[in-house]
Amino acid sequence: MANPIVPTEGVLLGRARVPGFDHPRVVTVRDGDVIDITSKEAPTSRDIAELDDPAGYVKSSMGPVIGSLHLLLANSWSGKTNLNEPSLLSPIDLQAVKAAGVTFVVSLLERVIEEQARGDKAKADALRGDILGLVGTDLSQLEPGSPAAMEVKKTLIARGVWSQYLEVGIGPDAEIFTKCQPMASVGYGADVGILPISEWNNPEPELVVVVTSKGTIIGATLGNDVNLRDVEGRSALLLGKAKDNNASASLGPFIRLFDGKFTIETVKAADIALSVSGEDGFELTGVSNLSQISRSPESLVAASIGRHHQYPDGFVLYTGTMFAPVKDRGGAGKGFTHKVGDVVSISTPSLGTLSNTVRLSTEAAPWTYGASHLLRDLAKAGLL
């Protein structure tokens, strides 16, 4: 059974474009309707996240119905949006958008083994045997930066296979980078963008945690950390070009706030499913489990914020993926890459389904509404 687009329970926080208003509206979902809860007390998603009890505030807030959830979901698809009806946006606004990379050791080491072996099963088995002899049979239990991880590092260096990706995968320091600027992420139904120069790219289905300025995780959503593998593969110094482009960061459909029943432990046990459906009939599916993550969401947040780095408006953090699509497309041995028109869906029962259509970043809707526009419009509306 397919996961729902929006979970049928929990406290949900989102944003919507509503006709008659210059600025996005803050919304929640109740009994199949989308409710506008924008107020002077908390006119932005960021403001609600910074409250002492975000879930309690959203649950008790009153406001008008702007439409049925079914209507807004249907009207949020790029190219099919009726501007006279409301539609969903990314559920965040002024928060920074950060991402972590190489957070699943089990998949990282297997990729290194495969690359080094170059199809030689005996060589792959020998290298795998070296590693498993050091850490046991469950690579997901290898703690980055631990003495066991450092022994694996020594073995891999001796084998001549050490790389910068292994350094952040099992070394002491996590890879944390900026995915996009505040206000630049896109939401459910929007196009996601890839650069025209890229010939090898893929979706990265990820759980995204929502973090306050104090470093507290208060909820989660789904994200697609769109990646240009060929660009990053040329040089790690091109990470910005590979990761941060027009419409390259999608989030949604809603933030689900922690409320006692839905907690960080719920998140850490989630299965994240991915499906890609192409206009050429190509289909790709896969599932990754957060229980296999090598760096916990809490440790990734600690690596992002603290005395060393502050985020006064809070941030969201993509926590990484273990899913690297390899299914051939367009011929044997050609591997996977996106084609324009692909529909990518990322889902888990507790958070719903985030779906987007792949376009060239030069053809996706340009980013024109930034933080300055939002603040001016809120001030004009008397909400600041």
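How many helices and strands does the chain have? In this predicted model, where local features need pLDDT of at least 70, side-chain atom pairs count only at pLDDT 80 or more, and totals for chains, interfaces and linings use all residues, the chain has 12 helices and 18 strands, which are DSSP runs numbered from the N terminus (helices H or I, at least four residues; strands E, at least two). Residues are numbered from 1 along each chain as its sequence is written, and side-chain values use heavy atoms, with hydrogens and water left out.

Helix H12 spans residues 371-380, and within it Leu374, Asp377 and Leu378 are buried. These residues cover an arc of only 100 degrees around the axis, judged by the directions from the helix axis to the C-beta atoms, which puts them on the same side of H12. Arg376 and Lys380, on the other side of H12, are exposed. After H12 comes glycine 382, whose phi is positive, near 75 degrees.

Leu374 also lines the largest cavity, together with Arg15, Pro24, Val26, Pro43, Thr44 and Asp93; here a cavity is a set of points on a 1 Å grid over the protein atoms alone where a 1.4 Å probe fits but cannot get out, and lining residues have an atom within 4 Å of a point.

Technical notes. 1 Å grid on protein atoms, 1.4 Å probe; cavity = no way out; pocket = protein on both sides within 12 Å on 5 of 7 lines; lining within 4 Å. Buried < 20%, exposed > 50% of the residue type's maximum accessible area, 1.4 Å probe, protein only.
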